[in-house]
Amino acid sequence: MVSNIINPEFAEALRCKAMEIRDFCLDMVYPRTCLSCDALIESKDSAPKLDLGLCEDCRQQLNSIEPPFCRICGEPFSGQIDQTFLCPNCDGRRMAFDYAIAAYKAEGPLRELIHQFKYNRNLALRGILAHAITLAFQDSRLQSEDLSHWLLVPVPLHWSREMHRGFNQSWELCKQLTKQTNIPAAPLLRRSRRTPRQVRLSRNQRLENMRGVFAPSYRAWLSQIILRRRAWPNVLLIDDVLTTGATAHECARVLRTHFGVQKVVVITAARA
Ligand SMILES: [Zn+2]
Ligand SMILES: [Zn+2]
């Protein structure tokens, strides 16, 4: 047998060389460009899966969210704190979700990717953003959970907005995450009315604005009634960006009251 004759180290070196030649040929035919700034990406610079399709410069500008951060809303804090802490926004307020985690700060190239994905309808970016979300799965609190028994649930858009955009970005991210993690996804919620843009509103105003906006989706409601489904698993609520947590709070409230969900953890690609 040839494999028994060839030295394994030599075989590995040969395989690496073949990969290098393949990448070189692919780069000649389809040069890779940075998804944020269009600069050319050289194969030797890229670390597959970790580069998010960005050039070295843009990668340097990604700000991942590291502890310390608020143990409820995930707001990062730049000082030295050894214990877990609550930010002034969460202190004394009861949010319906257990906690929220995000992979990166919503600034620089990542903000650009999200903008391209949502508003320029660049669906090709969903795999990369879903991969960014899986980085948030490394949170120590989730590491002790058996996530195969959880459910990925998207934050819904109002049907008119979804029709206008052509897709719901959160549902697209959920489907990608299912491919990457094998955790099942289900759209349990619907948005029953449109809400005005919340950019200029305070957190209290946003909470007020979102009250009663979400309801069980018709599919989940039917499954509850017809199949008499009573037991619903814990939920990873998925969205592209978390701002004040008002939307996530209202979604989590409906998940708990209508579906009896015990734990709701919010996971987003970015934190504003
Ligand atoms: Zn770039
Ligand atoms: Zn907080």
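A crossing is called left-handed if the near helix is turned anticlockwise from the far one by less than a right angle, and right-handed if clockwise. The model is predicted, with local features needing pLDDT of at least 70 and side-chain atom pairs counted only at pLDDT 80 or more, whereas totals for chains, interfaces and linings use all residues. Residues are numbered from 1 along each chain as its sequence is written.

**View 1. Helices H5 and H8 pack in a right-handed crossing.** H5 (residues 126-136) and H8 (residues 169-181), both DSSP runs of H or I with at least four residues, have axes 9 Å apart at an angle of about 65 degrees, and are therefore roughly perpendicular (65 to 115 degrees). Contacts, defined by backbone-placed C-beta atoms within 7 Å, join Arg126, Gly127, Leu129, Ala130, His131, Ile133 and Thr134 of H5 to Glu172, Leu173, Gln176, Leu177, Gln180 and Thr181 of H8.

**View 2. Helices H4 and H5 meet in a left-handed crossing.**

**View 3. The buried residues of H5 line one face of the helix.** Arg126, Leu129, Ala130, Ala132, Ile133 and Ala136 are the buried residues of H5, where buried denotes 20 or more other C-beta atoms within 10 Å of a residue's own. Seen down the axis of H5, these buried residues fall within an arc of 155 degrees.

Technical notes. Chains lettered and ligands numbered in written order. Axes fitted to C-alpha atoms, helices over the stretch in contact; angles between N-to-C directions. Helix = DSSP H or I, 4+ residues; strand = E, 2+ residues; numbered from the N terminus. Parallel < 35°, antiparallel > 145°, perpendicular 65-115°, else oblique. Contact = placed C-beta atoms within 7 Å. Buried ≥ 20, exposed ≤ 12 C-beta atoms within 10 Å, placed from the backbone. Arc of directions from axis to C-beta.
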